[in-house]
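Please work through each task with the sequence and coordinates at hand before reading its solution.

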Amino acid sequence: MRWALVKVCVAVTAMVVVAFAVPLGLVVKEMARDRAFSNAEREAAAIAPALSITTDREQLERVVASAGADDGIAVHLPAGGDGADAIDLGRQRATDKDIATVRELGRASTTEVPGGSALLQPTALSSGEIAVVEVYVPESEVTNGVAMAWAVLAGVGLALIVGSVAVADRLGVRMVRPARRLVESAHELGEGQLGARVPEEGPKELRLAAAAFNAMADQVVQLLANERELAADLSHRLRTPLTVLRLNAASLGDGPAAEQTRAAVEQLEREVDTIIRTAREAKPQTAAVGPGAGCDAAEVVRERMAFWSALAEDEGRKWRVAGVERPVRIPVARADLAAALDALLGNVFRHTAEGTAFAVDVHNGEDAVIVLVSDAGPGIADPEAAMARGRGSGSDGSTGLGLDIVRRLAESTGGDVRLGSSVLGGTEVRIWIQLNAGDGRTGKDGRAPARTGHRGRGPVRRRGHPRLVSPFSRARSLP
């Protein structure tokens, strides 16, 4: 398309240049010729007054010499009726026939002579005879300035063609670039990069195509998000009864039936872990949360705590939640935050004994939101190893999904995850969610860079943010 536009503009501009430059060049040539012959006529007219007064050869020679035309002027006087001979002054270039014809017709004429042209101007003498003044016009005077004028016209025409090519190329780029971006985004979307979008710019048709493509991509992302939320919900529905079955199986005591029940529960847990791990590995990359999107962290915490409260009451666990009295907006999808909370709370129920208390605290800062999940269990002996498992090593009895979900959620905003000791005596997982993730600190893939260091070292005080107090210092139970 780009080269087609260039070719069309070149053809059209070339035709316009030819249509105007060729006639203009011919006009310039004709004007130069008229100018040369006008000068010749003035020189011939300068001789006419002297011819009307005298026909004396010496006087006419002085007049011709005073005209300053050197050998460019010739005067031809006819023979007189009183027997006077014909007089020819100057160099004759025209033929006798042409001179006789002009004398007979009585009007000026031009004739071609070697090296140029000759103007033959008839002039009446006092005796009534007709003299002919011949003025030589060299070819150089006829074409004086014509070559320069044609060169200027050619330069202007070439400049117009080059300018049209540049304009056509820019127009072609303006049309081709959005189309190329649309093609590249379509390839990216086909490869599973669901964050691919097309800027809505360029001609109206391409803008409409880009808008349609973006709407389609948003719909695909929404469909995948719905499927992911459904899968997460199903996994939670399976995890919760499995946890109850495992706890009940542990209280069956000894015996073949009890061992078979525990083995079956363990086998079922392994199968569920395999399904979750497979779903995580096959999960495509979804689009990042844009400006104005996200969720209310306080609402999500209240919702998930209400979900886990039933199992907590069955196991006799005390639980508290704090910091959810007011809305807390974060740049994280609702389903992602819910999955992260479920993963952490599921770890509390899975790795601590019945009756162990736990708490969830939300702290809303100026540039970050901190979510703390604390328990009163035995704690984590090696936080670094736990975070390594969170990266997906998948040891026995663990899918590696829990802390990996939490880590990805925090790092997607430019935050991080830290493990340490809680004020309850057990483990504290601190999720640091950055609020200003769109301040330019993004990587090549469009995501905020992950924070490094300080993992497994316990709570660390950040500059500009006070140290958080115990969740129980301002906690309240959910109704």
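**Exercise 1.** Determine whether E411 and R407 are buried or exposed, and state in which helix they lie.

Solution. Step 1: both E411 and R407 are buried, where buried means under 20% relative accessible area, exposed over 50% and partly exposed in between (1.4 Å probe, protein chains only). Step 2: the two residues belong to helix α11 (residues 402-411) and are four residues apart, about one turn of the helix; helices are DSSP runs of H or I with at least four residues, numbered from the N terminus. Step 3: E411 and R407 form a salt bridge whose closest N and O atoms are 3.1 Å apart. The criterion is a side-chain nitrogen of Lys or Arg within 4 Å of a carboxyl oxygen of Asp or Glu.

The model is predicted: local features need pLDDT of at least 70 and side-chain atom pairs pLDDT 80 or more, while totals for chains, interfaces and linings use all residues. Residues are numbered from 1 along each chain as its sequence is written, and side-chain values use heavy atoms, without hydrogens and water.

**Exercise 2.** Classify the ring pair of F307 and W308.

Solution. Step 1: the whole structure holds three aromatic pairs. Step 2: the ring centres of F307 and W308 are 5.7 Å apart and their planes lie at 85 degrees, so the pair is edge-to-face. Rings of Phe, Tyr and Trp (its six-membered ring) pair with centres within 6.5 Å; planes under 30 degrees apart are stacked, over 60 edge-to-face and the rest tilted. Step 3: F307 is partly exposed at 32%, and W308 is buried at 5%. Step 4: F307, W308, F349 and F358 make up one aromatic cluster.

**Exercise 3.** How many of the 18 residues of α9 are buried?

Solution. Step 1: the count is 13, so α9 is largely enclosed by the rest of the structure. Step 2: at 1.5 Å a residue, α9 (residues 334-351) should span 26 Å, and its end C-alpha atoms are 26 Å apart, which agrees. The expected span is 1.5 Å times one less than the number of residues.
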